[in-house]
Amino acid sequence: MFYSLRNRLFIIFTCLLTIPFIILSLIIPNWFTSIIQKQTQDLTVEAMDQYSLYINSITSQAEDLGKQVLVNQTTQQWIKFEKEYSGIPIEQRLLMKNQLKTLLSSMLANNSNSMSVSVFLNDGTGTWGNNPSLQKMDWYKDFTEKDKRFVKTHLDSYQQTPGPINSYILPLFDMNTLISYGIIKVNFPSSLLETAINKITIGKNGHAYLIDQQGENVLNGRIQIPKKVLSQSLDQIKNGKVKKGLIKTEYNHQKYLVFYQKQSVGDWVLISDVNQADLFSKVTRLQHKLFLINVIVFILTIVASYLFSSNIVGPLGKLAKAMGFLEHGDFSGAKRIMPTIKSSKHEVGYVINVFGHTIDQLKNLIENEYKANLRRKDAEYKALLLQINPHFLNNTLEVIGGLALQGKNKEVMNVSIYLGRMMRYSLNTQSNVVNLGEEINYIRSYTEILKLRYEDTISITIEEDPETKHIPIIKFILQPLVENAVKYSFIEKKYAQIHIKTAKSHNQVLIGVEDNGIGMSDDFILDLSNQEKNNETSSVLESKGKSIGLRNVIGRLKLYYGQNFSYQIHSEKSVGTKITLCINIDGGENT
């Protein structure tokens, strides 16, 4: 029973002890999650802002350095000497190149970020060496074809400092004519950007990357962001007008937070990612611990509820079980449980002892009343059955007497034969239950007597369903109905038409008697229905006069079959009446 005392106590303990922990295990992690996400976002944005300022500082310095080289008189003079080298002695050209080298070296020496500058003409002629493959270099193609002035990490043997570098490229042109003759390449070590960007970390595995809008790393190393996450993030960054922000995306059933900032340097984007599971790993561990505590508290609740119920709830539960048996009339089951109930000498024990005595008293009272009711029912049934025989014999003897007065000896003999069959059937007291086929044969003998008595003024037809022949039924349920049908048909009419029918429908046997008599009034049918609903069999015993046969039949069927019996009456004044008895085949005697 869900609403038993044990379950209620269990629910109360659970609500008081378990639910608060469940609420805390949900609220605290969510609170920590929101705090961690806010702090992570603030710290990451701050670190990325600082790194962006650092990038701007480095690239601005590279731009200024390149512009200084471009506008310097030495650079402009070297361009003129190189474009008109046929008319200038080789010694002057070498002297001018050395002066340019000295200029570039001094800039390197005076620069705190170890920036170096290389100057190349379009044919590959350079300050630190000629590069005939200049136009095949990837960084040169990006500059000439895509106008990428800031070059990603690469190696360049035509520079003064070794190692991977990033570069800023600007056109080398004559300040007077604005004609481009080559490029100025300002180089700065990639380590300047890599050292700073490695300090931007989120969680255990989150990293920051400096990429272009094609998703390629501007610095050394492999991008560890999943390609799909990176692709989705870049699509939003390109299509969005916001320069910095947070993108939430999902890949392989995992959620990612992607922070980004568009740089003012070329098409560079500073991007940093973190897996939410990694970021909130500590919170997840805390949540798991809280759930573990919930499980422990839940187990303790069960143990406490069990210990408490063993003294109070346990006996009450068994008492409720015994009451359940008693509710269904099973006194033996209730008595079997009572000795197993162990209880101390307190209020619960007192209730259990009182209930045990009550079971004994109630059982004795019901048994006595049940036996008395059986005796009363048997007496009523036999009285009803005996009510038929004098009435039937009186009518039959009248028929024989009438035929004898008319000198119809053959008919008298036939009636005697039919009467003998009926008497054998009636006097068989071994059982009150027969097959429906035997009852129909009995009615055939009875109707033959009626036909001899009324001759051409009566028509009786019997329609018997073969499937109903072997269905057991109590005796004498048809004769009173047929007798009444004949009697009330001749009150207003000179011709009686009687139809008897048996049929099987699903789990019911239907027995119908139809006549063309005077019909029944609505008041009589209503009175008969009220009598049947109130189970007033005594009124049948006491009734005299009109339709005693119908009351007799309904009373006996109700006594024997109980709820498995019902009937229908369709009647119309001066037209006729049809009575249908309905008996549930699966049912039996309602004792």
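Trainee: Which residues does Asn-166 touch, not counting residues up to four places away in sequence?
Mentor: The structure is a predicted model, and Asn-166 is found in its strand β3. A contact here means heavy atoms within 4.5 Å. With residues up to four places away in sequence left out, Asn-166 touches Val-151, Lys-152, Thr-153, Val-186, Asn-187, Phe-188, Ser-190, Leu-193, Val-218 and Leu-219.

Trainee: Is Asn-166 buried or exposed?
Mentor: A residue counts as buried under 20% relative accessible area and as exposed over 50%. The relative accessible area of Asn-166 is 0%, so this residue is buried.

Trainee: The side chain of Asn-166 reaches which backbone oxygen, and at what distance?
Mentor: Two partners of this side chain may be described. With the side chain of Thr-153, the side chain of Asn-166 makes a polar contact at 3.2 Å. The backbone atom reached is the oxygen of Val-218, at 3.4 Å.

Trainee: Which residues does Thr-59 touch, not counting residues up to four places away in sequence?
Mentor: Thr-59 lies in helix α1, which covers residues 5-71. Its relative accessible area is 4%, so Thr-59 is buried. Beyond four places in sequence, the residues that Thr-59 touches are Phe-150, Val-265 and Trp-268.

Trainee: At what distance does the side chain of Thr-59 reach the backbone oxygen of Asn-56?
Mentor: A polar contact is a pair of N or O atoms within 3.5 Å. For the side chain of Thr-59 and the backbone oxygen of Asn-56, the distance is 3.2 Å.

Trainee: Which residue caps the N-terminal end of α2?
Mentor: Helix α2 spans residues 73-83, and its buried residues are Thr-74, Thr-75, Gln-76, Trp-78, Ile-79, Phe-81 and Glu-82. At the N-terminal end of α2, a side-chain oxygen lies 2.8 Å from the backbone nitrogen of Thr-74. The capping residue that supplies this oxygen is Asn-72.

Trainee: Are α11 and α12 roughly parallel or antiparallel to each other?
Mentor: Two packed helices are described by the angle between their axes and the distance between the axes. The axes of α11 (residues 409-427) and α12 (residues 436-454) come within 9 Å and cross at roughly 150 degrees. An angle over 145 degrees counts as roughly antiparallel. The two helices, α11 and α12, are therefore roughly antiparallel.

Trainee: How many nonpolar, polar and charged residues has the contact of α11 with α12?
Mentor: The crossing of these two helices, α11 and α12, is left-handed. Among the residues that make the contact are Val-415, Tyr-418 and Met-422 of α11, together with Tyr-442, Tyr-446 and Ile-449 of α12. By class, the contact of α11 with α12 has nine nonpolar, three polar and five charged residues.

Trainee: Are α12 and α13 roughly parallel or antiparallel?
Mentor: Helix α13 covers residues 479-489, and α12 packs with it at an angle of about 20 degrees, the axes being 11 Å apart. That angle makes the arrangement of α12 and α13 roughly parallel.

Trainee: How do the residues of the contact of α12 with α13 divide into nonpolar, polar and charged?
Mentor: The crossing of α12 and α13 is right-handed. The contact is made by residues including Tyr-442, Tyr-446 and Leu-450 of α12 and Val-482, Glu-483 and Val-486 of α13. Its residues divide into seven nonpolar, two polar and one charged.

Trainee: What is the value of phi in Leu-178?
Mentor: Most residues other than glycine have a negative phi. Leu-178 is placed in the loop between β3 and β4, and at 60% relative accessibility it counts as exposed. Although Leu-178 is not a glycine, its phi is positive, at about 60 degrees.

Trainee: Phi of His-506 is near what value?
Mentor: His-506 lies in the loop between β13 (496-505) and β14 (508-515). At 75% relative accessibility, His-506 counts as exposed. This residue is other than glycine, yet its phi is positive, near 55 degrees.

Trainee: How far apart in space are Asp-465 and Gly-437, C-alpha to C-alpha?
Mentor: Asp-465 has its place in the loop between β11 and β12, and it is buried, with a relative accessible area of 18%. Leaving aside neighbours within four places in sequence, Asp-465 is in contact with Thr-502, Ala-503 and Lys-504. Asp-465 and Gly-437 are 28 residues apart in sequence, and their C-alpha to C-alpha separation in space is 9.4 Å.

Terms used: Residues are numbered from 1 along each chain as its sequence is written. This is a predicted model: local features need pLDDT of at least 70, side-chain atom pairs count only at pLDDT 80 or more; totals for chains, interfaces and linings use all residues. Side-chain values use heavy atoms; hydrogens and water are left out. Axes are lines fitted to C-alpha atoms, for helices over the stretch in contact, and angles run from 0 to 180 degrees between N-to-C directions. Helices (H or I, at least four residues) and strands (E, at least two) are DSSP runs, numbered from the N terminus. Angles under 35 degrees count as roughly parallel, over 145 as roughly antiparallel, 65 to 115 as roughly perpendicular and the rest as oblique. A crossing is left-handed if the near helix is turned anticlockwise from the far one by less than a right angle, and right-handed if clockwise. Ala, Val, Leu, Ile, Met, Phe, Trp, Tyr, Cys and Pro count as nonpolar, Asp, Glu, Lys and Arg as charged, and the others, Gly among them, as polar. Buried means under 20% relative accessible area, exposed over 50%, partly exposed in between (1.4 Å probe, protein chains only). A polar contact is a pair of N or O atoms within 3.5 Å; within protein, one must be able to donate a hydrogen and the other to accept it, and residues adjacent in sequence count only if both atoms are side-chain atoms.
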